[in-house]
Amino acid sequence: MTALFGKRKKFSLRHQPGFTSIAMACFVLLYAPIIILVIYSFNEGRYIAVWEGFSLQWYIAAWNNEAVIDATLRSLLLAFLAALISTVVATMAAIGTTRTSPYRGLTSIHTLINQPLIVPEIVTGVALLIVFAAVKVATGFQGFFYLVLAHAAFCIPFAYLPIRARLEGMDKTLETAAADLYASRWMTFRRITLPLLWPGILAGAMLAFVISLDNVVITEFVKSAGQETLPTYMLGQLRRVITPEINAISTVLLLISLLVVSLYFIVTRKRT
Amino acid sequence: MSIFRKAGFVGVALLASVGTANAAGELNLYNWGNYTNPDLIKKFEKEFDVKVTVTDYDSNSTALAKVKAGGHGFDMVVPSANYVKIFISEGLVEKSRPDQMANFKHVAPEWNNPSWDPGRMYSVPWQWGTVGMVVDTEVYNGDINTSSLVFDPPPELQGKINMAPEMNDVLALAILYHGGELCTTDKTVLKKVRDTLVAAKVHWLSMDYGLVEKMPRGDFAAASYWNGAGFRARLAKPSINFGYPKEGYLLWMDSLMVLKDAKNMENAKLFQNFVMHPENAGLISSFARYANGITGSEAYMPADMATAREIIIPDEFKAAGHFLPACSKEANDIYTAIWTELTK
């Protein structure tokens, strides 16, 4: 007993043997390639791994490349619409799964909502290719709408999880009190639930935005003529010569993602 | 709510900016990424008042899968020779009869009747090239026109070799090295091929893309790779040269075809005729740096290309070039088995 106790006393979460070195190795492995990518985006030469001096020419080249600008704008619009739709749906789903008395099938609904997290992207991609192709042939309509729909679908769980977590952490007595004071269900939702839930909703929307912005596999399968997004544009360059222009674009994309993720942290920290 | 309103404005502005311009017609080209010269597109748009949209793919199989599924919205596609045959036999492309178009007379004689599209009834040459030996002559100064450089490497090159990770190319080169027929199922030849590859792999440093970046800085000294990349590598380091294996090397060609369910059929045919003009074919090559199969287009290419040994095959090596045919399933199964053993 004492031996066990003694051993346990020694154990401290802060000072596990090798913890620091493993953590450092992980950080280096995660961030060193990204730092190198950013450094080489300022390369003067036309090769991505031979340093020839500092220059902003690849940022200028990317800025002047119509295909890049076009794909970037499309990616941002797509991410915005997908985040908007998926957040609205996710909010409704989160309320529907937390603010009701438990009913049969609640767990399976929860699993269904999170299905895009479990099913491999390639499977979703191929499935959507087949279904959308049939719809496109039948209706003759090939618009941007399919991409928005596909992205909104796989973004739902990413928006759902933070919203649901927020709802579960919220004090239910406030809503009960509102109901006691004869507030209608809509009024309770509008004046009590929604303001309290707002940080969760924003957090969910930002996550969804980033997830949509980064997606390659599903987009590649669903996109129709003229629906290149930034990630699929970059994929198309791989087989041929890659110039630091790709680094420059990646750096900008990284900045956008970082910005959104930082906003996410600021929003969630302030209110909780 | 002002956030929403602002976001709405941004959304509308974005929608407007990615919407189509108001030209008389449209054309949707589905092509390899980074393969279409924007100047070529602008020239066509100006000449015919057609708004052209280019969408990328990264492999023949992706392109085939999407076109086969239908509802893609593309008018034209640019597959490689063996896939041209598949697109035709699957009935996915329109018999647009390039052979009867005005500019067909510019197609070089060796390209106007290819085995994968006899008589050129469907396809127009886009670009072609070779798979051969890219060698740094600073490291090895012997004969570079042999595939023994990668299959039975001299001591100077051992451990300094890169192979493009393309199953069909590597196996075909090895079969030619042993004097076999492409697509052969002859077990005695394939046994030799397998043994050679397994023994050679010990001397290979890598099986990877990205030769243009890696070879000039000295990551490796020899490679089995595409000629256009070899050409660009030489521009970065003059001691790099391109060899045409006398045992046999590979030829490839990507061809432009009109899809059967194209919405802009007439514009697509106009575009086929358009790219057969030497000036326009020259634009294609100036951008992606491969030859195009159109006589007289050299005049419109940068000077460094018109004389490049990598792009213009010297006469003495012309006979050793082979096109990759589409092989039987039996052959493909054996090749896949050898490749799997090699890459595991």
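Guide: A term to start with: a nonpolar core is a set of buried Ala, Val, Leu, Ile, Met, Phe, Trp, Tyr and Cys residues joined through side-chain atoms within 4.5 Å. Buried means under 20% relative accessible area (1.4 Å probe, protein chains only). This is a predicted model; local features need pLDDT of at least 70, side-chain atom pairs count only at pLDDT 80 or more, and totals for chains, interfaces and linings use all residues. Residues are numbered from 1 along each chain as its sequence is written, chains are lettered from A in the order in which they are written, and side-chain values use heavy atoms, without hydrogens and water.

Visitor: Which residues touch the most other members of the largest nonpolar core?
Guide: Leu197(B), Trp204(B) and Phe271(B), in a core of 113 residues.

Visitor: What does Phe271(B) touch?
Guide: Leaving out residues up to four places away in sequence, its contacts (heavy atoms within 4.5 Å) include Leu27(B), Phe44(B), Met76(B) and Trp126(B). Apart from that core lies another of 44 residues, among them Ala83(A) and Ile249(A).

Visitor: How much of chain B is buried?
Guide: 56% of its 344 residues.

Visitor: What about the radius of gyration of chain B?
Guide: Taken over C-alpha atoms, it is 22 Å; this agrees with a compact globule, because 344 residues would give a value near 20 Å. The globule rule is 2.2 Å times the number of residues to the power 0.38.

Visitor: What box do the C-alpha atoms fill?
Guide: For chain B, roughly 65 × 55 × 40 Å along the principal axes.

Notes:
Buried means under 20% relative accessible area, exposed over 50%, partly exposed in between (1.4 Å probe, protein chains only).
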